[in-house]
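Here is a short report on how two chains meet and what holds their parts together. Look over the sequence and the structure first.

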2 protein chains.
Amino acid sequence: MSLTQHLSTSISFSSSSFLSSSGFTFRNRDVSLPSENFGICRCVATPQEEKTTYKTKVSRNANMAKLQAGYLFPEIARKRNAHLQKYPDSKVISLGIGDTTEPIPEVITSAMAKRSQALSTLEGYSGYGAEQGEKPLRAAIASTFYGDLGIEEDDIFVSDGAKCDISRLQVLFGSEVTIAVQDPSYPAYVDSSVIIGQTGFYEKDAEKYGKIEYMRCNPENGFFPDLPKVSRADIILFCSPNNPTGSAATREQLTRLVQFAKEKGSIIVYDSAYAMYITDDKPRSIFEIPGAKEVALETASFSKYAGFTGVRLGWTVIPKELLFSDGFPVAKDFNRIVCTCFNGASNVVQAGGLACLSPEGRSAMQKVVGFYKENADIIMDTFNSLGFNVYGGRNAPYVWVHFPGLSSWDVFSEILEKTHVVTTPGSGFGPGGEGFIRVSAFGHRDNVLEACRRFKQLYK
Amino acid sequence: MSLTQHLSTSISFSSSSFLSSSGFTFRNRDVSLPSENFGICRCVATPQEEKTTYKTKVSRNANMAKLQAGYLFPEIARKRNAHLQKYPDSKVISLGIGDTTEPIPEVITSAMAKRSQALSTLEGYSGYGAEQGEKPLRAAIASTFYGDLGIEEDDIFVSDGAKCDISRLQVLFGSEVTIAVQDPSYPAYVDSSVIIGQTGFYEKDAEKYGKIEYMRCNPENGFFPDLPKVSRADIILFCSPNNPTGSAATREQLTRLVQFAKEKGSIIVYDSAYAMYITDDKPRSIFEIPGAKEVALETASFSKYAGFTGVRLGWTVIPKELLFSDGFPVAKDFNRIVCTCFNGASNVVQAGGLACLSPEGRSAMQKVVGFYKENADIIMDTFNSLGFNVYGGRNAPYVWVHFPGLSSWDVFSEILEKTHVVTTPGSGFGPGGEGFIRVSAFGHRDNVLEACRRFKQLYK
């Protein structure tokens, strides 16, 4: 197969690679696109094959149909592919998707290997585990991340990742609730909300779905929503440190957020997947804010701490104090969702999670996080030296670069065309991201340095 | 902590352990029940603590509220616990939950260990994988289980287990479809349907949820629904070999099922999690039936083949030919669900799955399956020799014993009281299971033999 052929049938990356209108899209470079005979209509106008395509009488879920076909990451993949076809010898560097690149510390992988091997022995074998996670891991998460915050072991639900938990939370809340999201934000919040039926249709001009409250976050408001202008929503999805802006909310801001939720009777779904990247004294958990347990739950992940993006491990904290309007505990319903729709994270992987939280594991994770933060420093310094306004980066592995007045996609295309570096156009995270580019700090050091050299050439 | 104390705060098992009305319930013996201060109301009538419990203004999902509190497995766990308190020295044997007990073959655990270790190297590290699964595993599943059936690698979606996929399928189909289930059947079908909003309320007298079509399966109809009497449903959930009856549908029966679905325009969700237990020439996949690709998808699992109940790996096959009424391919929407609500099975676990499908792995899995089937033979012989009508067992790891005219719960209680063996009352799988007991063939050989000795004493 020639390189061109290969490129035309494979796509190299995407974060939550959704379908494009032209067919499947895939994240992994090993995954081929389905052959072109995949299609809605199989009718072929040759006499031998003349037959009607059979259709069931099952209506397609109307919520699925609301989802936009032209999703961010497939679109990027298409553009990257087109670029590679145009410049087959270019050394493309991806600082697009937030995918970890550095090996997992040995203390962690050894624990997984050991647990795997033990499963072949009578003493070491275990079948179904608790859907909520193994007791020692739940206890270690509670003490490591929530030491004196009053979060207990049985408030922790271990999962196969934050993205999966966000979806399970949407199933838990159901179609009748309203949601608010930061704008820009991680696309899975909005898409899972659309799928479960909480939203109206996509409004093309506004680039928004109906019935979602988009809370604008930009340099003018310090990337924190202007709460007095925010309409009440049942569920407030809030990510800090933020993906994509890299901004971490201050204690004072989060206190206001909790106060806002309490006044409105909302539930905050706090995504702290990047909390270990916080350098300064900003809160790493929403539960550092007094009263938060009555209005917030928190979802988190090992993905960006230990390089577990492919290993899959996360957790969600739901305090006993968090109650629906009828007084029913949210945790009880989530427990039921976890038991009905999930069967626990892999036992092998949970052994890895436990090793992450040993003293050696914690120190090893800190090193991994520190490495990516150095990358972020390099990227920030580069854009700063070129005179750009640069946000994020300090408390997050994402650098958010401002190109005021320009289209994110135009900037993305120019960077790709002239430097062969893949970034992410900010508008892909919501209309509030227009005019920005997200540069990911996940990458090998030499790639980051080389990308920065190219940025300097382009913008010198 | 005394034994009695320990027993009163821990529960030993349950399959899809849902909440009981009294609080959380857990499957794993290592998991403590939450302390008694978990509750809806924290009000305490002491002056210092006098404060109103804060409630959010978010309404509890009405579908969650429809779920019945007194679920099968917690109820069994409660009875087992009460039994252990009454007879603290009894040697309780569990043939209740279908949980694997035998070690995973070394060829499989080694592959997982190797993949784990590789993740700590630059060459062996990988981050996000394709949400749909790694290409070699998808290819191996297609060729191993669907060799000449025209199922292709890209029709396979690798997952963290069949239970999880069933739930994702419910999200895909949404709240507007109607479903039909075998009665009795695996409880997660009905519960996931309730959660997503496809059903009416639970009707206590009928022991059924409104809007679900329960297809009675009993000895009279050969455990195959009387299709001419079945009302049309959009989605037909069909499990063969069946959990709990252990009955596998014949080629002729499945041909009628496919024909029925085609006439009604329904989609069959075919659960083949126990297909490797089929001894005779009954179909192992719905796709062995001509035309099935236009009306069926299939979900499957490594859990009961390789002892992966705690490792977590399964897959779902969605043929390109399966279309909604508007011609939109079901696979395309499922792909989007997988990408939005899931992030792929663990890479370490997928390495184990691939090893399962190597020649050595396949032969090792056959041995594990063969071992449990010998257990089933022992259990069947026992009940046959005692004059019971016994079903299942031959093509499945479950033996379905008839106690005509008796209450399943009464039989369950008598067996527990007099033999210290935990079984599962058939009525827990739906009203059609009344008068039956499910005896699981998962267990160490000496436990199975000892349980059978006790059965013989009880019923001699």
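## Where the chains meet

Chain A brings 127 residues to the contact, and chain B brings 127 residues as well. This is a predicted model. About 10,600 Å² is buried between chain A and chain B. Carbon and sulfur atoms give 58% of that area.

The interface of chain A and chain B has two salt bridges by the rule. In one salt bridge, Asp333(B) pairs with Arg60(A). Their closest N and O atoms are 2.7 Å apart.

## What chain A presents

Several helices of chain A give two or more residues to the side that touches chain B. They are α4 (106-118), α5 (135-146), α6 (162-173), α7 (187-196), α8 (251-264), α10 (330-341) and α11 (347-356). Which element gives the most? It is α10(A), with nine residues.

## The nonpolar cores

The largest nonpolar core has 127 residues. Ile268(A), Phe308(A), Ile268(B) and Phe308(B) have the most contacts inside this core.

Take Phe308(A), leaving aside its neighbours within four places in sequence. Its contacts in chain A include Ile104(A), Ile108(A), Met112(A), Phe302(A) and Leu313(A). Val349(A), Gly352(A), Gly353(A) and Cys356(A) are also among them. From chain B, Tyr125(B) is in contact with Phe308(A).

Another core lies apart from the largest one. It has 80 residues, among them Val194(A), Val330(A), Leu67(B) and Leu172(B).

## Salt bridges within the chains

Over all chains, the structure holds 46 salt bridges. One of them joins Lys282(A) and Asp280(A), with the closest N and O atoms 3.0 Å apart. Are these two residues buried or exposed? Both Lys282(A) and Asp280(A) are buried.

In chain A, salt bridges also form a network. Glu152(A), Asp154(A), Asp155(A) and Lys320(A) are linked in it.

## Two pairs in chain B

Lys135(B) forms a salt bridge with Glu153(B). Here the closest N and O atoms are 3.4 Å apart. Lys135(B) lies in helix α5 (residues 135-146) of chain B, and Glu153(B) lies in the loop between α5 and β2 (156-159), so the pair ties together parts that are 18 residues apart in sequence. Lys135(B) is partly exposed, at 27% relative accessible area. Glu153(B) is partly exposed too, at 24%.

Lys320(B) forms a salt bridge with Glu152(B), the closest N and O atoms being 3.2 Å apart. What parts does this pair tie together? Lys320(B) is in the loop between β10 (314-317) and α10 (330-341) of chain B, while Glu152(B) is in the loop between α5 and β2 of chain B, so the parts joined are 168 residues apart in sequence. Lys320(B) is buried, with a relative accessible area of 12%. Glu152(B) is partly exposed, with a relative accessible area of 39%.

Definitions and conventions. Residues are numbered from 1 along each chain as its sequence is written. Chains are lettered from A and ligands numbered from 1 in the order in which they are written. This is a predicted model: local features need pLDDT of at least 70, side-chain atom pairs count only at pLDDT 80 or more; totals for chains, interfaces and linings use all residues. Side-chain values use heavy atoms; hydrogens and water are left out. Contact means heavy atoms within 4.5 Å. Buried area is the accessible area (1.4 Å probe) that two parts lose on being put together, summed over both. A salt bridge is a side-chain nitrogen of Lys or Arg within 4 Å of a carboxyl oxygen of Asp or Glu. Helices (H or I, at least four residues) and strands (E, at least two) are DSSP runs, numbered from the N terminus. A nonpolar core is a set of buried Ala, Val, Leu, Ile, Met, Phe, Trp, Tyr and Cys residues joined through side-chain atoms within 4.5 Å. Buried means under 20% relative accessible area, exposed over 50%, partly exposed in between (1.4 Å probe, protein chains only).
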